[in-house]
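Hello,

I am passing a structure on to you, and I hope you enjoy looking through it. Please open it first, then read the notes below alongside it.

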Amino acid sequence: QLVEYGGGLVQPGGSLRLSCVASGDKIDYYPVGWFRQAPGKEREGVASISYVHYGTYYADSVQGRFTISRDNAENTVYLQMNSLKPEDTGVYYCAAGTDYLRGPWDYWGQGTQVTVSS
């Protein structure tokens with residue numbers, strides 16, 4: 001089971017850190033990705049991290065502003081979001097899967113709302 005924490009309302013230019021906490025199984029051997037879905041839009045991949053060498057992927061829209069990291073001892077993957085923009089608004093989901101670049105993504109959290117607005 002995956003549970004996301006850390007969403008909320010933030011002004012443009014602000015920061016948030018999302019946490020994806022795994023329970024019931026160790027996250028050590030799973031790639032983990034963060035995804036988001038804005039109202040009326042399809043879900044999109046934001047960032048992902050491998051479990052080998054901690055390789056990372058970022059969507060062009062968040063490159064340089066978001067950082068994904070993992071702490072296997074805490075069974076948690078983080079998404080640090082800086083310089084937030086209104087277009088970053090959406091429900092953010094974490095998922096664990098098979099390959100950090102191609103998926104598939106087998107296990108999903110319930111999502112946490114991020115709203116960027118003044």
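**The disulfide**

Cys20 and Cys94 are joined by a disulfide, with an S to S distance of 2.1 Å. Please keep in mind that this is a predicted model. If the term is new to you, a disulfide is a covalent bond between the sulfur atoms of two cysteines. A search of the whole structure turns up 1 disulfide. Because Cys20 sits in strand 3 and Cys94 in strand 9, the pair ties together parts that are 74 residues apart in sequence. The torsion about the S-S bond of Cys20 and Cys94 is about 70°, so this disulfide is right-handed.

Is Cys20 buried or exposed? Its relative accessibility is 0%, so Cys20 counts as buried. Cys94 also has 0% relative accessibility and therefore counts as buried.

In soluble globular proteins, nonpolar side chains tend to be buried together. Here, the largest nonpolar core has 26 residues, and Trp34, Leu79, Met81 and Tyr92 touch the most other members. Strands 3 (16-22), 4 (32-37), 5 (44-49), 7 (66-71), 8 (76-81), 9 (90-97) and 11 (112-116) each supply at least two residues of this core. Which strand gives the most? That is strand 3, with 4 residues.

Setting aside neighbours within four places in sequence, Met81 is in contact with Gly14, Ser15, Leu16, Leu18, Arg65, Phe66, Tyr92 and Val114.

**Arg17**

Strand 3 also holds Arg17. Apart from neighbours within four places in sequence, the contacts of Arg17 are Tyr5, Gly6, Tyr78, Leu79 and Gln80.

**The largest pocket**

Rolling a probe the size of a water molecule over the atoms shows where empty space is left. The largest pocket holds about 150 Å³ of space. Which residues line the largest pocket? They are Gln1, Leu2, Ala22, Ser23, Asp25, Lys26, Ile27, Tyr30, Ala96, Tyr107 and Trp108. By type, the lining is made up of 7 nonpolar, 2 polar and 2 charged residues.

**Backbone details in the loops**

Most residues other than glycine have a negative phi, and most peptide bonds are trans.

- The peptide bond from Gly103 to Pro104 is cis, with omega near 0°. Pro104 lies in the loop between strand 9 and strand 10 (105-108).
- Tyr54 is not a glycine, yet its phi is positive, near 55°. You will find Tyr54 in the loop between strand 5 and strand 6 (56-58). Its relative accessibility is 38%, so Tyr54 counts as partly exposed.
- Asn75, also not a glycine, has a positive phi of about 55°. The loop between strand 7 and strand 8 contains Asn75. With a relative accessible area of 10%, Asn75 is buried, since the cut-off for buried is under 20%.

Key
Residues are numbered from 1 along each chain as its sequence is written. This is a predicted model: local features need pLDDT of at least 70, side-chain atom pairs count only at pLDDT 80 or more; totals for chains, interfaces and linings use all residues. Side-chain values use heavy atoms; hydrogens and water are left out. A nonpolar core is a set of buried Ala, Val, Leu, Ile, Met, Phe, Trp, Tyr and Cys residues joined through side-chain atoms within 4.5 Å. Buried means under 20% relative accessible area, exposed over 50%, partly exposed in between (1.4 Å probe, protein chains only). Contact means heavy atoms within 4.5 Å. On a 1 Å grid over the protein atoms alone, a cavity is a set of points where a 1.4 Å probe fits but cannot get out, and a pocket is an open set with protein on both sides within 12 Å along at least five of seven lines; lining residues have an atom within 4 Å of a point. Grid points are joined across faces, edges and corners, and a volume is the space filled by probe spheres set on the points. Ala, Val, Leu, Ile, Met, Phe, Trp, Tyr, Cys and Pro count as nonpolar, Asp, Glu, Lys and Arg as charged, and the others, Gly among them, as polar. A disulfide is a pair of cysteine sulfur atoms within 2.5 Å.
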